[in-house]
Each structure stands twice: as structure tokens, then as C-alpha cells.
Amino acid sequence: MILSNTESVPGREIVEFYGVVTGNTVRAKHVGRDIMAGLKNIVGGELSGYTELLADSREEATQRMIRQAESMGANAVVNVRYATSSISQGAAELFAYGTAVQVR
Amino acid sequence: MDNVEKFNLFMQFGLPLAILVFAYFIGNMIERKHFRNLRKREEAVQGYPVVSFEKLPQDWTVGSAGLVTGSVVVSLDYFKRVIAGLRGLIGGRIKTYEPLLDRARREALLRLVESAKRDGFDAVVNVRLETSRLANSRRDGKGTAGVEMLAFGTGIVLKKRW
């Protein structure tokens, strides 16, 4: 599966469009991590627990998007976009979407 | 004033003040260290093509492509958050937040470039940067307030290097 955030896959030609595919995941913060982040928040700097958490969640959303594209018979997803929204206290939705296509 | 009163006074004013001073020094130290680190790593990746448009030069023959990302969550120290809060009352430029976003953006971009290099890509095109604020852990708006910066783009492997 080829992913790209450009309108076409560089060096390839799009032969068929299948439509928009999406993948999402909602994650809540973990208490242990939250306490650590709270302490880290006093002095500032990178909150690596959160960086990891968000990167993992985004990876999962991407995998779900890829699975959907695969079920349509696509071999690439172009114009991939990411969005994050905090839906409630301490929970965030990670969302990935793009257009499933067949490239040659 | 007996000891209990002294203790209460300390817990009310002394402790927050002590944390404020502690946060100021340590926070500044962490920020300076991060900027030094950024400058060093930016030098190392100088000359690597990273662009925010998707049109490729005509003489490039692309072998393969793939998505690359880099992200980071950073937060401001307690002292600077208090200053920013006060500044918010009178409005105007909040200087303490500017370096935070600058750091986050440069770090996310660097991680994108470093991961692209590690994965064997020769260039990254159509780079986009996205900022999102993490939800506060407490209802009153205090607590963890980090900023997440995400950089993503399309990595390109060239068939033949110029």
C-alpha cells in the first residue's frame, strides 16, 4: 500500500478512483502517564509519553484507513490528511482520511 | 504566630512561589538546551530537500514514494504559563508562547526529515504542519496543556541521483 499526501503518487499514474477512505481512533490518557505529564508540565519541555501515545494512535488510524482501502481493492491512498480533535476531557480523536486509488 | 499558622502561610503562598521560581530556572534551562539541540541537528540535515509544494523538477525520475511523519508534544513551564495568563488579561503579544511553538515546529520538522533519511528517502515534498492543543486534564482549564505539532509529507526515492 502506497500512501502519499500529494494529489497523485509521484512517478505513478492513477488508473482508477475508489473514493474517500477514513480511519479513526479515540484514545484517552492513561492515569500514570497523566501524573508524569503533570509533573513534567511544571518545568515544561517535551511530554514524551503523549508524543508516543499520539504517534501510536495516529498509526492505528492510518492502519484502519489502509484496511478500508484494501477491502476496496485499491493499492494506494493519495491526498492523506490527518486531523485531531479533543472530544471530551482527556480524550482525543485521531482521524486519517484520503482517497483510495489504483495506481500503475 | 505559632508553628501551625506559619505552616499554613507557607502552604498558601510559599509553596506556589517556590514552584514558580523552580519552574522559571529549570524551564529556561530546558528551553535553551532544546534550542541548542535543534540548531545542532538542523545543521546535520542541511541541504536535504524538504519542500511544501508537490511539483517535482522535470529531471527527477521517481522510484517510489511513501508517507513520512514527525510529531512532538511540548508544554510550557509553570512560570511562563502564569505570565501568559496575566498577559491574557490585558491582551497583546504573548512572547512566552512564541518560542514554544517555534520549538515544537522545528522539532516536528526535524523528526520528519530524520525519519525520511532513515527510511532511505531522497526528498520530502508537500510538507504540511498541523497544530493541535491537547485537552486540559482539569475542568477549570488548568493542568496539562500541551501543544502537539505534526509534520507530514510525501517521501520520494529517486531512481537516479543527479
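Glu46 of chain A stands opposite Val74 of chain B, a residue of strand E1(B). Please keep in mind that this is a predicted model. The two residues belong to a pairing between chains: strand E3 of chain A, residues 45-46, and E1(B) pair in the antiparallel sense over 2 bridges.

Let us now turn to the contact as a whole. Chain B gives 41 residues to the contact, and chain A gives 30 residues. On the side of chain B that touches chain A, at least two residues each come from helix H1 (3-44), strand E1 (62-75), helix H2 (78-90), strand E2 (123-133) and strand E3 (146-158) of chain B. The largest share of that side, 10 residues, is supplied by E1(B). By residue type, the side of chain B that touches chain A has 19 nonpolar, 14 polar and 8 charged residues.

What does the C-alpha trace of chain A span along its principal axes? The spans are about 55 × 25 × 15 Å. The radius of gyration of chain A is 17 Å, whereas a compact globule of 104 residues would have one near 13 Å. Of the 104 residues in chain A, 38% are buried.

Finally, consider helix H2 of chain A, residues 48-72. Its 25 residues reach 36 Å from the first C-alpha to the last, close to the 36 Å expected at 1.5 Å a residue. Its buried residues include Tyr50(A), Leu53(A), Leu54(A), Arg58(A) and Met65(A). After H2(A) comes Gly73(A), with a positive phi near 90°.

Notes. Residues are numbered from 1 along each chain as its sequence is written. Chains are lettered from A and ligands numbered from 1 in the order in which they are written. This is a predicted model: local features need pLDDT of at least 70, side-chain atom pairs count only at pLDDT 80 or more; totals for chains, interfaces and linings use all residues. Two residues are in contact if their C-beta atoms, placed from the backbone, lie within 7 Å. Helices (H or I, at least four residues) and strands (E, at least two) are DSSP runs, numbered from the N terminus. Ala, Val, Leu, Ile, Met, Phe, Trp, Tyr, Cys and Pro count as nonpolar, Asp, Glu, Lys and Arg as charged, and the others, Gly among them, as polar. Two strands pair if DSSP finds at least two bridges between them. The expected span of a helix is 1.5 Å times one less than its number of residues. A residue is buried if 20 or more other C-beta atoms lie within 10 Å of its own, exposed if 12 or fewer, and partly exposed in between; C-beta atoms are placed from the backbone. The radius of gyration is taken over C-alpha atoms; the globule rule is 2.2 Å times the number of residues to the power 0.38.
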